[in-house]
Amino acid sequence: MVQPTNPVHGAERQAQPAAAAQAWISRFETALPGGAGPLSGLRFAVKDNIDAAGLRTTAACEAFAFQPAAHSVVVHKLLAAGASLLGKTNLDQFACGLNGTRSPWGPVPNAFDPLYVSGGSSSGSAYVVATGQADFSLGTDTAGSGRVPAGLNNIVGLKPSKGLISTRGVLPAAQSVDCISIFARSVGLAAQVLEAARGYDPLDPYSRELDMATQPFPAAFRFGVPDQLEFYGDALAEAAFKEARAQLRALGGVEVRIDFSPFSQSATLLYESALVAERYAAIRPFFDAHEDEVMEPVRSIIGKGKAYSAADLYEAQTQLRVLGQRAAEVWKGMDLMCVPTAPTHYTIAQMQADPVVLNRNLGAYTNFVNLLDYAALSVPSCIRKDGLPFGITLIGPCASDWQLAELGQRFHHATGLTQGAIGERLPAPAAIPGIRPRATVKVAVVGAHLSGMPLNSQLTERGACLLAATETAPDYRFYALAGTVPPKPGLLRVAPGQGARIKLELWEMPVEHYGSFVALVPAPLGIGTLQLADGSSVQGFLCEAQALTGALDITHFGGWRAYLASLQVAQAPHTHPFP
């Protein structure tokens with residue numbers, strides 16, 4: 001039988017590198033092997049409020065610790081999928097905090113600078129992934145604990161839709177809003193772990209079967225950004241978020257500013273209303289008997305829950321429903337939301353000096369997500385000029401997990417970042433489980449539909465994206481048609497040797513929108529089959545021969561842009577070099 005080590009604390013911690021010791025609470029002497037499956041060869045760790053047979057569950061409180069008789073459902077699933085379990089990681093006590101300093105095992109430092117917080121409560125789980133000690137890890141997420149540590153340590157934090165992964169065998173912080181979260185150094189691996197871990201559990205009262213979205217977000221996806229952004233004076237974070245939004249726009253996104261008030265007001269309810277009573281309910285028998293064993297400020301936060309009545313709770317739940325209805329109206333204008341994962345970095349010393357206010361600041365963009373039943377994915381965005389990481393969180397409706405992963409992976413690879421704190425290049429993009437590629441059709445455009453031209457919006461409004469700039473085969477003649485508004489060219493195929501190559505753009509459009517696009521094409525233009533310079537064939541614009549009456553042959557310009565440029569030169573005023 002595999003024997004566990006003793007918890008890494010007290011005198012034993014002094015014999016190990018401080019950061020490594022503080023990231024782990026207990027470890028197996030030899031990793032607990034998994035079976036044969038899709039995760040074979042991968043090593044993982046779990047936050048120490050998740051049961052793993054053979055190791056104590058402490059929730060970072062020695063007086064609370066117990067020896068579980070069996071693995072939690074999620075650990076059992078991951079072992080069955082082939083992964084090997086290394087051990088249990090440090091956390092903010094009872095998963096109460098977003099900073100990683102609230103543990104008797106010591107604060108977990110940031111993987112890039114040990115003076116800074118790692119983010120919590122899943123602090124150790126993030127640290128061991130960022131530093132390469134584990135391939136992936138599990139955390140839990142109530143208020144952002146599966147996202148903030150990811151953003152602060154340059155790794156991926158996948159917070160699934162509630163109920164997608166069973167929480168049976170997990171000590172909850174607030175059971176109705178808790179999620180098991182996944183940390184990895186790439187989106188592809190995080191999605192692979194989610195696929196292995198998910199599944200309906202009839203013995204988990206909050207488990208549910210979800211109809212997952214299987215199509216990617218539209219090519220011209222709308223991403224909402226809060227109308228009021230707060231970085232608490234951190235100019236580097238503000239600049240990093242601006243850069244991230246530009247990168248999303250480069251991927252085809254359309255930025256829309258949204259009213260953030262229903263989201264921020266929902267976030268306030270998590271700790272400042274009777275909803276906090278659920279944290280007390282999670283450990284009520286222990287807390288009532290051993291309140292003095294709970295460290296501050298965790299004790300005060302959980303203790304607040306004792307003061308609320310059942311009527312107070314109903315009132316808070318109604319407030320949340322009202323805010324949820326307001327938020328639903330905001331969602332009508334966006335496909336997903338993009339926020340900073342964390343608005344700033346704090347040192348361990350700063351956090352310990354002001355533990356409540358600074359912790360609240362770290363959750364400015366995370367606390368509302370589970371309350372309002374959304375999915376979220378924290379993705380690395382950049383390394384700031386001061387050497388600290390910055391990440392963004394993509395938030396989508398419930399069951400949009402695979403959509404977020406598909407877009408998040410494209411974003412992560414576009415950043416050019418390396419993995420975590422280990423400096424290795426990202427692996428090649430992986431197929432995202434559950435995503436079925438959208439059926440598309442390629443369309444060649446030669447005139448008013450080119451990017452930047454008057455009719456280009458007919459393409460972008462239908463989710464089309466630009467694939468390449470290329471040319472036709474050398475068998476076409478090109479004409480400026482008379483009397484067209486806006487001005488349009490006509491492309492006519494001719495006998496071999498009678499034409500030339502004409503520049504064009506190749507666009508890809510979802511097939512479900514192709515019919516409405518073709519319906520907009522006016523006579524004498526039409527859609528036919530074009531031969532490209534590489535010998536391939538695509539759909540594209542052609543014109544009828546009768547349309548050439550009064551048309552100007554502009555074949556020698558080689559394309560519409562060159563022809564339009566010649567008109568501008570011809571219309572420019574001529575100046576004499578001498579006075």
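Which residues does Gly124 touch, not counting residues up to four places away in sequence? I looked, and found Ala23, Thr89, Asn90 and Val108. I took contact to mean heavy atoms within 4.5 Å.

**Ground rules**

I noted that this is a predicted model, where local features need pLDDT of at least 70, side-chain atom pairs count only at pLDDT 80 or more, and totals for chains, interfaces and linings use all residues. Residues are numbered from 1 along each chain as its sequence is written, and side-chain values use heavy atoms, with hydrogens and water left out.

**Gly124, continued**

I placed Gly124 in helix α3, residues 123-130. Helices are DSSP runs of H or I with at least four residues, strands are runs of E with at least two, and both are numbered from the N terminus. Gly124 has a relative accessible area of 0%, so I wrote it down as buried. Buried means under 20% relative accessible area, exposed means over 50%, and partly exposed lies in between (1.4 Å probe, protein chains only). I also checked Val148, which is 24 residues from Gly124 along the chain. Their C-alpha atoms are separated by 12 Å.

**The whole protein**

I counted 17 helices and 19 strands. The C-alpha atoms fill a box of roughly 95 × 55 × 50 Å, taken along the principal axes. Of the 579 residues, 55% are buried. I then looked at contacts between residues at least 6 apart in sequence. Of these, 75% join residues at least 24 apart. The protein exposes about 23200 Å², and carbon and sulfur atoms supply 55% of that. These areas come from the Shrake-Rupley method with a 1.4 Å probe; for residues, only the protein chains shown count as cover.

**Helix α2**

I listed the buried residues of α2 (residues 73-80): Val73, Val74, Val75, Leu78 and Leu79. What do they pack against? I found the strands β1 (24-32), β2 (43-47), β3 (84-89), β4 (136-141) and β6 (179-184), along with helix α5 (187-197). Just after α2, Gly82 takes a positive phi of about 110°.

**Asn359**

Is Asn359 buried or exposed? Its relative accessibility is 7%, so Asn359 counts as buried. Asn359 lies in helix α13, residues 355-362. Leaving out residues up to four places away in sequence, I saw Asn359 touch Gly97, Leu98, Asn99, Arg102 and Met351. Thr57 is 302 residues from Asn359 in sequence. In space the two are 25 Å apart, C-alpha to C-alpha.

**A three-stranded sheet**

I traced an open sheet of three strands in the order β15-β14-β19, with antiparallel pairing. Its edge strands are β15 (489-493) and β19 (552-553), and each pairs on one side only. Two strands pair if DSSP finds at least two bridges between them. Between β14 (residues 476-480) and β15 I noted five bridges in the antiparallel sense. Ala480 stands opposite Pro489 in β15. Strands of a sheet pair through backbone hydrogen bonds, either parallel or antiparallel.

**Cysteines**

How many disulfides does the structure hold? I found zero. A disulfide is a pair of cysteine sulfur atoms within 2.5 Å. Cys338 is buried, because its relative accessibility is 0%. Cys543 is buried too, with a relative accessible area of 9%.
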